[in-house]
Amino acid sequence: MSDSVDSAAVAAPVRTGQSGTVVRSTVVRRLLRNPMGIASLVILGSIALLAIFAPVLAPFEENFANITKTLAPADSVNILGTDSAGRDTWSRLLFGAQLTLLSALLCAGVAIAIGLPAGLIAGYYAGKFEAVSNWVVSILMSLPGLIVLLTIRAAFGPSVWISMVAFGVLISPSYFRLTRTAVQSVRNELYVDAARVSGLSDWSIIARHIFSVVRAPIIIQTAAIAGVAIAIQSGLEFLGLGDPTKATWGVMLSEGFKNVYLTPTLLLWPALAMALTIGGLVLLGNAIRDALEDGEKIKHRKKKVHAAEDAASASASKVARKTLAAVEAGTEHHLVKVTNLGVGYPQADGSIKKVVDDVSFHVDRGEILGIVGESGSGKSQTAFSILGLLPDNARIVGGTIQFDGNYTVAPGDERVNQARLSKLRGKRISYIPQEPMSNLDPAFTIGYQLVTPMVRVLGISKDEARKRALKLLTDVGIVNPERTFNAYPHEVSGGMAQRVLIAGAISCEPDLVIADEPTTALDVTVQADVLDLLRELQQRLNIGVILVTHNFGVVADLCDRVAVMQNGRLVEEGSVRDILRNPKEPYTQTLLASMLEGKTPMSMLVSSQKEPVA
Amino acid sequence: MSTVEVNEIAPLPTGPLLTVDNLVVEYPSKKFRAKPFRALTDINITIGRGETLGLVGESGSGKTTLGRAVLGLAPVTGGKITFEGKDISHATRRQRRTLSRDLQVVFQDPYTSLNPALEIGAILAEPLGVQGMEQAAAKKRVKELLDQVGLPSDAIHRLPREFSGGQRQRVAIARALALSPKLIVCDEPVSALDLSTQARVLDLFLQIQKDTGVSYLFVSHDLDVVRHISHRVAVMYHGEIVEQGPAEVVTRDPEHPYTQRLLLASPVPDPDRQEQRRADRHRLLDIQRQQTEQAGALA
């Protein structure tokens, strides 16, 4: 009976199944496909190799001085020349790389060792540990880093390692904050609760469920921190505070600076090495971030492939618009007429995935049309194409939409005609959304959000608009309109917010209201009130309504006609009594059979079939 | 494996499986020295073996909190929760680990109740591993579970995002069943699902109860769902239970004004009967309004 439902439900995961099984390898692959990622990996890799094999590759010891050959230019023995003490620049550069990279790693390691566990604990347990560690972090962050490092150098001597450990401690708050925020965002996820119910110890929960969330940001952060560590360390040494017995890039930079007028190249080489390393680290961090963000750039690729087609169809539609100024004869009296509408999304492989396919219906003034369907049936996409609020990458792949005798999607159009619709939206077509709370801006009072559109659309004064807004709030059954008018969205309940949005939707006296699951987020008792309100307003103002819903009870309560959608297609349309009492299509029958009303309690609902996979 | 078998031959018992006496749950207020927020007041419920207690109420009525308190996820301020004769109101994590063999949960949102980074097999094996089951045995049990909830066995190596909402909820149910528990707290397990999917998942819950004799504490805002699956129903309103009794009575002929409102507020899928119900509802609201006015006048 419900073959089509099942096959659709089963088919979906199979389709996505092949692309999504191996997660980590795709990240690495994406990293390697990114030119920035490859470049940075090559640079950092070769520098690391040079550093590792420095003892083999370097022709001289790092401090071997040939006093007879100071500040020499490059030749076959000293390929990059020598410094003021006659030491080989190339050799010192290699040994410097070793020390510089190791110390950067040490710094990042210390910072992670302190910041990561502290952040995990503070984020997961909150409470006192978080409060205390926040104080410590605030103190650490308020310390002037350079002065602390100078003090430590004065106290403990010019060791690279000590100063890098100190810098690691100073910079650990950045890891702490990063980790804590990431952990806080998943601490209350249901799967963490489920693990708690399973009796997993806190440490297992943190290791299994929470650490995976912070892994990626930590890697990105480390790339940046290592770069900063190199810069700080070299800065200290450049000031002459480094250990003169060790070859590091900072010491070389300092040396080069002293002889900048005699041999400018001495300054060039360490500076170049540092620039390459730090730049490589920054690029690597960016590349990893890009690889982790789900960034399949469909739009750009699509444009290239179809540029020619787009141009062709654009010119074609221009022609069409000129010749087809009027709509289909004999249908002008319909408030909205949708004819053979198709909506699709371009995919990475250049094909178009249709979400609405060959849908036709009409709505007259004073009539409520219900569009019913399950998730993924395309009911909201249909509503959004009438509103012209489809996402940017959506394409109208066929059909037309006309509103009150004019095309908003003319034959051949690839997109909704925004120029025409923006004049209609708000004024003649309005919208009641599903989530009342997320559709009110928390930063403005309710009154402001009602008054502004009226001032703009109707061109009336603010006082006039205020009077009307208060009247509207009374009309939608709000007992104390003055108080609601001055309230912020968070100060009212969900049902109240939905009333406010309904007031907003009818404020500019529209001809058509599109309500997308207007009561789904509300409690049942509140839903009944809001349905009463919608019915009363619709009858009084004689407006056309398109009601998108999944609830047949709501349909029975409000609608005159019903259209049933499945997988982007309209399977059945008719008067509410016909469809609810004598559905012709098996899909509609299945849906109605799934209703619990009137069923014997504890009986199987879908018993006729063998247990299918929902 | 052994742990599961032990459960099945556990000593058979008399008296209810779960008893909640005068339960109070308060959340400390964020503000300094402010009064704590009282989420539950004086809750008394019992659930017998193989029985389903439906818990219905509007958002913010405390029905989810009650489920979480039983699971140890909400702070018990007063009263007592007894499971199989043991007081579990303040069970430690170690006690919880033992308890998790008998007490499990299915959450509302199948999209956030499964860790997106773990394969289905790993998710299902987690509770088994906690109880110290060996890998091979755990793997066998995971296959059984997938079969029990009607998922293909190749699901083991796939990630949650490859499945639809209904399938994910099946995974969540399989996880709850892993240790053959005696009580499953179901927190709005079908609210996020499509109508036809909801019907199949409800069938699955009923079938599992028939096969294993598990008890459910079934939390839902939908009176129709609760009527369909429950033996007894408790109605919550503002953190209190205002009415409880056999499902037939509470969901068809309720006594409390709120339950009466709730019953008539849920629309039926027929225009003419719905019109009748709407009229009934308006009449009821008028009567209740008059009653409150009279009560106000008397007081």
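**Two helices in chain B**

In chain B, helix 4 (residues 120-130) packs against helix 6 (residues 165-177) at an angle of about 25°, and their axes are 8 Å apart. Axes here are lines fitted to C-alpha atoms, for helices over the stretch in contact, and angles run from 0 to 180 degrees between N-to-C directions. Helices (H or I, at least four residues) and strands (E, at least two) are DSSP runs, numbered from the N terminus. Helix 4 of chain B and helix 6 of chain B are therefore roughly parallel to each other; angles under 35 degrees count as roughly parallel, over 145 as roughly antiparallel, 65 to 115 as roughly perpendicular and the rest as oblique.

Which residues make the contact? Helix 4 of chain B brings B:Ile120, B:Ile123, B:Leu124 and B:Pro127, while helix 6 of chain B brings B:Val171, B:Ala174 and B:Arg175. Two residues are in contact if their C-beta atoms, placed from the backbone, lie within 7 Å. By class, the residues of this contact between helix 4 and helix 6 of chain B are six nonpolar, no polar and one charged. Ala, Val, Leu, Ile, Met, Phe, Trp, Tyr, Cys and Pro count as nonpolar, Asp, Glu, Lys and Arg as charged, and the others, Gly among them, as polar.

**Where the chains meet**

Now for the contact between the chains: 56 residues come from chain A and 63 residues from chain B. On the side of chain A that touches chain B, helix 9 (190-197) of chain A gives the most, with seven residues. That side of chain A has 29 nonpolar, 17 polar and 10 charged residues.

**How confident is the model?**

This is a predicted model, in which local features need pLDDT of at least 70 and side-chain atom pairs count only at pLDDT 80 or more, while totals for chains, interfaces and linings use all residues. Residues are numbered from 1 along each chain as its sequence is written, and chains are lettered from A and ligands numbered from 1 in the order in which they are written.

The mean pLDDT (the predictor's confidence in each residue, from 0 to 100) of chain A is 84, and 88% of its residues reach 70 or more. In chain A, confidence is lowest in helix 1 (residues 3-17), at a mean of 37, and highest in strand 3 (residues 368-372), at 95. The pLDDT also stays under 50 over residues 295-325 of chain A.
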